[in-house]
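Colleague: Hi! Could you walk me through this one? I'd like to talk about a few residues and how they are placed.

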Amino acid sequence: MSTNFVSPQMERSLESGNMTRIQEFVLLGLSARLGMRDVLFAVFLTLYLLTLLENTVIIYLTCSHSELRKPMYFFLGNLSCLEMCYVSVTMPSLLVGLRSSPCHVSFTACIIQLFLFIALISTKCTLLASMAYDRYVAICRPLHYPLLMRPQVCLGLAMTSWLGGLLVSVVKTSCIASLSYCGPNVLNHFFCDVSPLLNLSCTHVALTELVDFISAVVIFCGSLLVALASYAAIGRTMLRMPSAATRRKALSTCASHLLVVGTFYAVVLFMYSHPSRINSTDLSKVLSVVYTVVTPMCSPVIYCLRNREVHTALQKTLRSRWVSAVRTDLAHSRF
């Protein structure tokens, strides 16, 4: 007497073989009334263009003025370049969703957006840590600053940040892309993020979640610890400074970076670690807007608001442009 026996592993493989792979995802975008979408579209488009303009100005100033060719401004230029790419990955799908909600995105386009987003946010974490280390050396070890932050070291830190972000993104995106998605295909978000995609997978995601957790510990928590350690050392050094004027000067050199780091890490930490009882999709989307739209726009303003060197460079640029424009008008008027 023979009995047909099918193991659970074979059963799952047969089921997965019959699954139809999703070819596109539907992004619901920001939940808003029909009358509000045009207003939100105009607001976010303005923020997007303003972010591109601000960061372009920062990159131009750091490249064209010799007095800004210092490690701090080298990292600031890298951060501005990253912010322009970062906001350009998520903002187009947000704007398209507001104009023609819902937004349909092919599977390939969604995975590419996810890859770029992970690479850029990982790079941003390590780049912020490198900037915190730069401020630590400048304040705590000023005599060794020219040696410890020489151009080769700065270039190495920047390249490590960019290449490390790409490597992490390759691993995480490969794991997520290899999952099976058999329906539904609706993402309640305005771009392709890790958590919404994992929620739609119809196969086991334990390995992918483990990879996501390990990468978060290495990149996010590691860079946060470097920033915290740097600013703890800076705080101890400032307390030992002899005069209040010296402490104020030291604080002014790192206050802007501390504000940017604090805002970014606070939002991301709250978003990915808040209790499940307040797990609101709309709240997650609002927080995503903060760290994908608001912080890239505010970072150049925060960094340059009280920076005299940047103010001087900007004034020189505007003055030279104005003088050249006047000379051009005078030349044309003669003819």
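Predicted model: local features only at pLDDT ≥ 70, side-chain atom pairs only at ≥ 80, totals over all residues.

Colleague: Okay, and which residue forms a salt bridge with D212?

Modeller: That's K172, and the closest N and O atoms of the K172–D212 salt bridge are 2.5 Å apart. K172 lies in helix α6 and D212 in helix α8, so the pair ties together parts that are 40 residues apart in sequence.

Colleague: Is K172 buried or exposed?

Modeller: K172 counts as buried, because its relative accessibility is 12%, and the cut-off for buried is under 20%. Its helix, α6, covers residues 151–177.

Colleague: What else does K172 touch?

Modeller: Leaving out residues up to four places away in sequence, K172 touches I118, V211, D212 and S215. The side chains of K172 and D212 are also joined by a polar contact of 2.5 Å.

Colleague: How many salt bridges does the structure hold?

Modeller: There are six salt bridges. One of them links K124 and E83, with the closest N and O atoms 3.2 Å apart. K124 is in helix α4 (residues 107–140) and E83 is in helix α3, so this pair ties together parts that are 41 residues apart in sequence.

Colleague: And are K124 and E83 buried or exposed?

Modeller: Both K124 and E83 are buried. Another salt bridge joins R135 to D134, where the closest N and O atoms are 2.9 Å apart; R135 and D134 are both buried too.

Colleague: How far apart are the C-alpha atoms of L82 and T123?

Modeller: They are separated by 8.1 Å, while L82 and T123 are 41 residues apart along the chain.

Colleague: What about V96, where is that found?

Modeller: V96 is found in helix α3 as well, which covers residues 71–99. V96 is partly exposed, because its relative accessible area is 38%. Not counting residues up to four places away in sequence, V96 touches S101 and C103. V96 and F190 are 94 residues apart in sequence, and their C-alpha atoms are 9.2 Å apart in space.

Colleague: Changing topic: which residues make the nonpolar surface patch?

Modeller: L207, L210, F213, I214, V217 and V218 make that patch, with an area of about 590 Å². L207 lies in helix α8, residues 206–239, and it counts as exposed because its relative accessibility is 60%.

Colleague: Nice. Where does UniProt place the feature "transmembrane region"?

Modeller: The unreviewed UniProt entry places it at residues 39–61, 73–91, 111–133, 153–171, 213–234, 255–274 and 286–305. In the model, residues 73–91 are 100% helix and 0% strand, with end C-alpha atoms 26 Å apart.

Colleague: And how far apart are the end C-alpha atoms of residues 153–171?

Modeller: For residues 153–171 they lie 27 Å apart, and that span is 100% helix and 0% strand.

Definitions and conventions
Residues numbered from 1 in each chain as written. Heavy atoms only, no water. Patch = residues over 30% accessible without salt bridge, like charges linked within 9 Å, V, L, I, M, F, W, Y side chains within 5 Å. Areas by Shrake-Rupley, 256 points an atom, 1.4 Å probe, with all protein chains shown as cover. Salt bridge = Lys/Arg side-chain N within 4 Å of Asp/Glu carboxyl O. Helix = DSSP H or I, 4+ residues; strand = E, 2+ residues; numbered from the N terminus. Buried < 20%, exposed > 50% of the residue type's maximum accessible area, 1.4 Å probe, protein only. UniProt positions renumbered as here; feature names shortened; annotations may be inferred. Contact = heavy atoms within 4.5 Å. Polar contact = N/O pair within 3.5 Å; in protein donor to acceptor, adjacent residues only side chain to side chain.
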